[in-house]
Structures are given as structure tokens and as C-alpha cells.
Protein chains: 2
Amino acid sequence: MAIQKSSTKTALDLGNFESVVDKKLNSIFQRVTKNRTTIDKSISYALSNPGKRIRPTLVFLVGDFLGIETSRLESIAGAIELIHTYSLVHDDLPCMDDDDLRRGKPTLHKKFNESTAVLAGDALQTLAFNLILDDKNLNISEKHDLLSDLAKRIGPEGMVLGQNLDIEYEKKNPSFDEIMEMNRLKTGLLIEFSILSPFYLKGDLTKDWYQLAKNIGISFQLIDDMLDLSETTEKIGKTAKKDLKNNKKTIPICFGIDKTIIEVDKFKESTMEICEKLCLNNHPLSAFIDSLFSRKF
Amino acid sequence: MAIQKSSTKTALDLGNFESVVDKKLNSIFQRVTKNRTTIDKSISYALSNPGKRIRPTLVFLVGDFLGIETSRLESIAGAIELIHTYSLVHDDLPCMDDDDLRRGKPTLHKKFNESTAVLAGDALQTLAFNLILDDKNLNISEKHDLLSDLAKRIGPEGMVLGQNLDIEYEKKNPSFDEIMEMNRLKTGLLIEFSILSPFYLKGDLTKDWYQLAKNIGISFQLIDDMLDLSETTEKIGKTAKKDLKNNKKTIPICFGIDKTIIEVDKFKESTMEICEKLCLNNHPLSAFIDSLFSRKF
């Protein structure tokens, strides 16, 4: 995803933004893992397989739009990526989605073993909390509010509930609304946090921002589910058409690709309207959001 | 374990202390789990199987000795028990220690299924952080320091590393010191936190307290390992002699029961000396510590 330069004032090096975000994250992750033990090595393995770093990129872009120094966004972006990685490591386990491939490489339990994968996921969650707690660029009130919000989004009423519904629905026939709610829980809430978390440091969080974040989070899962059905394993870096094999109840599987495209288009239209209203159009955030809706890998 | 009354001023109802701690914890846990979803129900199942509540009891007793109101200790005691329960749920998984029985009842993955057990453990960890973050009786500076310490003790350089070594050692021949270090990581660090955490609220944390906490933490695992070898499944509420079957490298298995008893006695002697030095002898904490060293179930 190339991010266009724009006329808006920005502290970001946009010419090479993806690699800048990658470097920042790698430097954070190198600080938190020592590479001495099997657990360290397995965590480094999971984190060195970077994917698209969409969540941290959102943190840095929204933060930049609000005029927040990058140094004050780093632990937030890092923590979100750690949580995301923990969820993938556990999600890939044989007792969950049982996937051998993640981002084009063997999943953690394939490269190491199952017990290491369970423990590495556990440790990644702890490290996420620790990263924010140890950040000297945030005051304790900011840390408190960030962690409190994050914990609610990923716990038994958030991401973990979404993951559990995802598995339970394999043997059920959930409604459209139930699947959409599951999507929001398992994927949306953390993406929303990537967009909303910088407001704990600066800025006025309005209803429009909440709606923008919600649109992006839910559409992201809808597009992922379409890609799973329509692309090859090589292109998406994980086993394609796995959802069908696993009897997953995604919107495109249960209600068709056409219906899903109509839904995504509705979210996209609403999102672009909000971008205009929030005067994001001259900021690279807007181009990045646009690229998320055009994902084809 | 009966806790003797003493002449020291205490706000605790010691006549029925075990049931008081149990009631307090159950009321905390009822607030954090809603019992609507499978995840909620599985978490409640894990928490309703209380065991001996040794860690929360230590928090309340040390806190009482320091003159801290019980209401300010509840989320700390609760969070430690949530973390302990998460570690047991994951530890019992087929890919880890593969145990069917915990505290005399089917383990979570037996009662529900493996994916629910992975997710319930994940959620229990999150809930622990959330419980302290939401506590209105602690100020944000106290919360910050407590969480920061806790995160270091349970992460990839603490409890999780200990669990991983425990599994790796099944295929190795670790030295006495290596096993002792593993014991401290997997069990000791959280028990130490139960004793030391109240000092974030009040009191002078001296070297003696650190040593006391360390002694109790390591001895606890040594005694557990002896009980595994010498008692019946019925008595200890989990599969007895499991360590031998799993090729675990515990101190009694590798160096004999006699050597283990000598070690425990050394720790006990040191601990009792410290209790006297810290003037704990008239406080029920001392009797409770004594009972931990005399555990026979």
C-alpha cells in the first residue's frame, strides 16, 4: 500500500512509510525480547513475520493528524501489534483454526511446538501491557486510560468472545447480524482502538471518529473473508479457502460475495463522507483508509 | 488450614478466615464474569473450583499486618488468583501437562473443550489486569506500580518462561540449580508478589521481606512436588504421581525426597527466623506461613 504525499503538514516520512513503521516496530520488539530462551525466540519468530502492520500504521497516521509526536505513539502501536500477534498465534493452534501457514511461513506451533505456541501467545499479551506500562513518554494517567480501554476490548466481552463465537458458529447457523457482531468483536474492536487510542493523548474524540473506526474495523473482516474465498494461498500468505473447509460462518460464505460487496461499499461510502467531514482528505490517513478498502494483496 | 487467633491488632475475622477470603473472591469474580457466554461460563467454572486460595490469603494477611484496609487489597488478591487460574487452565491443556483432573473436578478443556480452555486462559489474564485498572480504591500511581511489577513476574522472563522450562526439562537433565530456578519462575514469582504487593500501598519493604517471600515461594513448589509423589489422587485433587509419568524433573524426583525435606527445612528455618525479626509472631500471618510448610492436604 503506497501512501500518497499530501499538502497537509505531517511529521511522517511518507515516501517510505511502510518501511519506517516496520523499522520502528522492530526496534521496539528487539527491546522487549532478549532472544535467549525458546520463548523469546518463538516470540521473535512470530513478530519477525510482519504482515502489513495495518494497526500500527493507523496509530501513527491518526496520531500525526492530531499533531502527536511519534515517540509518544510507539508503545501504543507496539502493544496493539503484540496483541494482534498473540491472537493470531492462538488462533492458528490445532484446537482452534488449525492453520499451518501464516503470512507465507509456518505457523508458530509448526515451527516450534504447540506448548510453546500457547505460552508465546500468553507472553505476547503480557508484553503488550508491559510495553505501555514501561513507556516513559506517556504519563500514568494516559497509560491507565489506554490500558483500561484495551483490556475491555480484548477480554471476555471483546476479542476473546469473538474468537469463541467464530468457533461455536462452525456448528450453528448464525444470522447476518450475529456474524457482523462476531466480526466486530474478533477483529473490529482492536482496529477501532488503533484509530481511537491516540485521542487519549490529544484531540477531541467525536461521534464521527467512533463511526469511522467502526466502519473500518468491520469492513476489514468482510474484505478478509472475501479474499479467503477468492484468492490463492500464495497471494494471501495463509491457507486460502480455509473458511469453507472449516465450516466458518462468514458473511460471503453465508450470504454471498455480491451481498458482501454491497455491504463493504456502504461502509466505504459512509467512511469517505466522514473523512471529508473530519477534513482528513488532505492527510495521508485518508489515502491509507482508501487503500484498506481496495485491498487485493 | 486453621489460622490461630492472636493478640495482635487485626481487622480480619480470623475465626472463619478461609470462608471470608472465599466469599470476598467469589463476590469479586461474580462482578467480572456475566455468565452469558460459553467463555463466561468456562471462566466461572474455573474460578468456582477454588482450591486453597493461598495467594489471596497471603495478600490479605500481609496487608492486615501493614494496617491496610481490606477493601484496598481486594483487586490485588483477585488479580493474583485470576493469573494463577489462567496458568493452571493452560498448564492442564493436552499439549502442556495434559491433566484431566484439577482440584478434584474435570479440567476446563475436559468439561468444555480445548479451544475454550485456550481462550478462557487468555481472558483470565486480561481480566486480572482489568480488575486492578478498574479498582476505585487504588490510585493510578499504585495501579501502575502493581501492574508493572505483576507483568514482569508473569511474562517471558517470569512465569511463562518457568512453564516452558518445565516442559523442556522433560527431555533434558537439568542441574539442581536449574530446577530450583525453574521452580522460582513458574511458581515462586507469583507467590512472592502475593506477599510483596501490599507494600505498594503501605509499609517499608526491606530485604527481610524479599527473603521471606522467596523462601515461601520456592518451598511451596518443593512441597507440591513431594505431595505429587507421596499422596493419592483423591487427597491432592489432581492426578497423583503425574510428574513421574510426564518425566518431570522435580527436585524430589531427581534428588530424592530426603534431600528435598532437608531443603524445605532450611527454608523453613530461615523463614521462621525472619518472622521473628519482623515481629510477625503475634500476627496470624506467622501461623499461616507455618501451615504452608506443614502442608499435607
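A: Buried area is the accessible area that two parts lose on being put together, summed over both. The model here is predicted.

Q: How much area do chain A and chain B bury between them?

A: About 3700 Å², with 66% of it on carbon and sulfur atoms. The contact takes 44 residues from chain A and 44 residues from chain B.

Q: How many salt bridges cross the interface of chain A and chain B?

A: Side chains of opposite charge can pair when their charged atoms come close. Here the rule finds 6 salt bridges across the interface. One of them joins Arg36(B) to Glu157(A), with the closest N and O atoms 3.6 Å apart. There are also 18 residue pairs in polar contact across the interface.

Q: Which element gives the largest share of the side of chain A that touches chain B?

A: H6(A), with 13 residues. By class, that side of chain A has 20 nonpolar, 14 polar and 10 charged residues.

Q: Which residues of chain A are linked in a network of salt bridges?

A: Asp97(A), Asp166(A), Glu170(A), Lys186(A) and Lys248(A). Take Asp166(A) and Lys186(A): their salt bridge is 3.2 Å, N to O. Asp166(A) sits in helix H8 and Lys186(A) in helix H9, 20 residues apart. Both are buried.

Q: Why does the pair Glu170(A) and Lys248(A) tie together separate parts of chain A?

A: The two side chains meet in a salt bridge at 2.6 Å, N to O. Glu170(A) lies in the loop between H8 and H9, and Lys248(A) in the loop between H12 and H13, so the pair ties together parts 78 residues apart in sequence. Glu170(A) and Lys248(A) are both buried.

Terms used
Residues numbered from 1 in each chain as written. Chains lettered and ligands numbered in written order. Predicted model: local features only at pLDDT ≥ 70, side-chain atom pairs only at ≥ 80, totals over all residues. Heavy atoms only, no water. Contact = heavy atoms within 4.5 Å. Buried area = accessible area lost by both parts, 1.4 Å probe. Salt bridge = Lys/Arg side-chain N within 4 Å of Asp/Glu carboxyl O. Polar contact = N/O pair within 3.5 Å; in protein donor to acceptor, adjacent residues only side chain to side chain. Helix = DSSP H or I, 4+ residues; strand = E, 2+ residues; numbered from the N terminus. Nonpolar A, V, L, I, M, F, W, Y, C, P; charged D, E, K, R; others polar. Buried < 20%, exposed > 50% of the residue type's maximum accessible area, 1.4 Å probe, protein only.
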